[in-house]
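Biologist: Can you walk me through this one? I would like to start with the sheet and then look at some helices.

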Amino acid sequence: MTVTLADVEDAAVRLDGVAHRTPVITARSLDAAAGATVFCKAENLQRAGAFKFRGAYNAIAQLHADERDRGIVTFSSGNHAQAVALAGRLLGVSATIFMPDDAPRIKRQATEAYGATVVPFDRYRDDRAALAAAFVTERGATLIPPFDDPRIIAGQGTAALELFADVDDLDVLVVPIGGGGLISGCATVAAARRPAVRVVGAEPAVRGLAARSLRERRRVEGPVPRTVADGLQTTALGEHTFAIIAETVDAVAQVSEEAMVAAMRLLFERAKVVVEPSGACALAAVLDGRIDVAGKRVGVVLSGGNVDANRFAALMTGSETTEGQ
């Protein structure tokens, strides 16, 4: 299965009036630090605090009535969990979420507040996909994957659809990459609407799986990485997402833990914007010189802002710098 521009445009129709059309943020201090003109797509201001709401709503809205009646299930470290929980509530579908027991407290609390049932698991020991698959078999629920699903990919691509409509003549688009749903959708739009735009992914250097996968032209798997960017702790790209990435993404930049925290700090101090570490990953790649952007017009997706006050303060003061949740 593939995803087309038409799929993304159809998703945009479903999301119209439901998802926020998030703003594009600019700041001279960001431009000066990057040596480029930077346009930040602020998905940290999306419903449920991250871009994930786009894909989750698009997928759940397409379920048949009998599928909705049996409920939905997913697995997530937090942002997809919240998105599925909120979309399920809006569409009247009960949701069960398998969530790591060390997921940020703010993400679990929000997921439960949206009405979902949270089932904890150990992210370093348990197979989250197997847990969800067993639940599907036992309960007849429908799985809403975090990234490897054409409906999810198409929904995430609406972020780029909006960015390209709001900003002319981008040279580079930088997108954080975990399982690949966001960058797959955005790259699909770029290939169709702005083929001259260079699409670059950004992932934690301690992970490196997406960069290796693109370089070796195969899906590379690995253990769960320990990183401050809990939203990017996937163990491999998806099958659907890798197929799209291999054809449409030009490169994947490796980002240090310190660079993500520094990008969070700059956004907070100079642009008055709060993002989580995962949400700062793409900007960190730009600011840390991991991508050649000198003199260029650069679109950057700030993918999420779900970080609680205590952890944000710890990251900003240096009491948490290299260990993930």
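Modeller: What follows goes through the sheet and then the helices.

Modeller: This is a predicted model, in which local features need pLDDT of at least 70, side-chain atom pairs count only at pLDDT 80 or more, and totals for chains, interfaces and linings use all residues. Residues are numbered from 1 along each chain as its sequence is written, and side-chain values use heavy atoms, with hydrogens and water left out.

Biologist: What is the strand order in the open sheet?

Modeller: The six strands run β1-β2-β10-β7-β8-β9, with mixed pairing. Strands (E, at least two residues) and helices (H or I, at least four) are DSSP runs, numbered from the N terminus. Two strands pair if DSSP finds at least two bridges between them.

Biologist: Which strands stand at the edges?

Modeller: β1 (24-25) and β9 (251-255) do. Each has a single partner strand, so one side of each lacks a neighbour in the sheet.

Biologist: How do β1 and β2 pair?

Modeller: They are antiparallel, over two bridges. I25 stands opposite C40 in β2.

Biologist: And what about β8 and β9?

Modeller: Those two run parallel and are joined by five bridges. E203 is opposite Q254 in β9.

Biologist: Changing topic: at what angle do α1 and α3 cross?

Modeller: Helix α1 (residues 5-15) and helix α3 (residues 52-61) have axes that come within 10 Å and cross at roughly 90 degrees. The two are therefore roughly perpendicular, a label for angles of 65 to 115 degrees. Axes are lines fitted to C-alpha atoms, for helices over the stretch in contact, and angles run from 0 to 180 degrees between N-to-C directions.

Biologist: Which residues make the contact?

Modeller: A11, R14 and L15 of α1 meet F53, R54, Y57, N58 and A61 of α3, where contact means heavy atoms within 4.5 Å.

Biologist: Last one: which residues of α6 are buried?

Modeller: In α6 (residues 105-113), K107, A110 and T111 are buried. They are on the same side of α6, because they cover an arc of only 100 degrees around the axis, taken from the directions from the helix axis to the C-beta atoms. The buried residues of α6 pack against α5 (79-91), β4 (95-100) and β5 (117-121).

Biologist: What comes just after α6?

Modeller: G115, with a positive phi of about 105 degrees.

Note on methods:
Buried < 20%, exposed > 50% of the residue type's maximum accessible area, 1.4 Å probe, protein only. Parallel < 35°, antiparallel > 145°, perpendicular 65-115°, else oblique.
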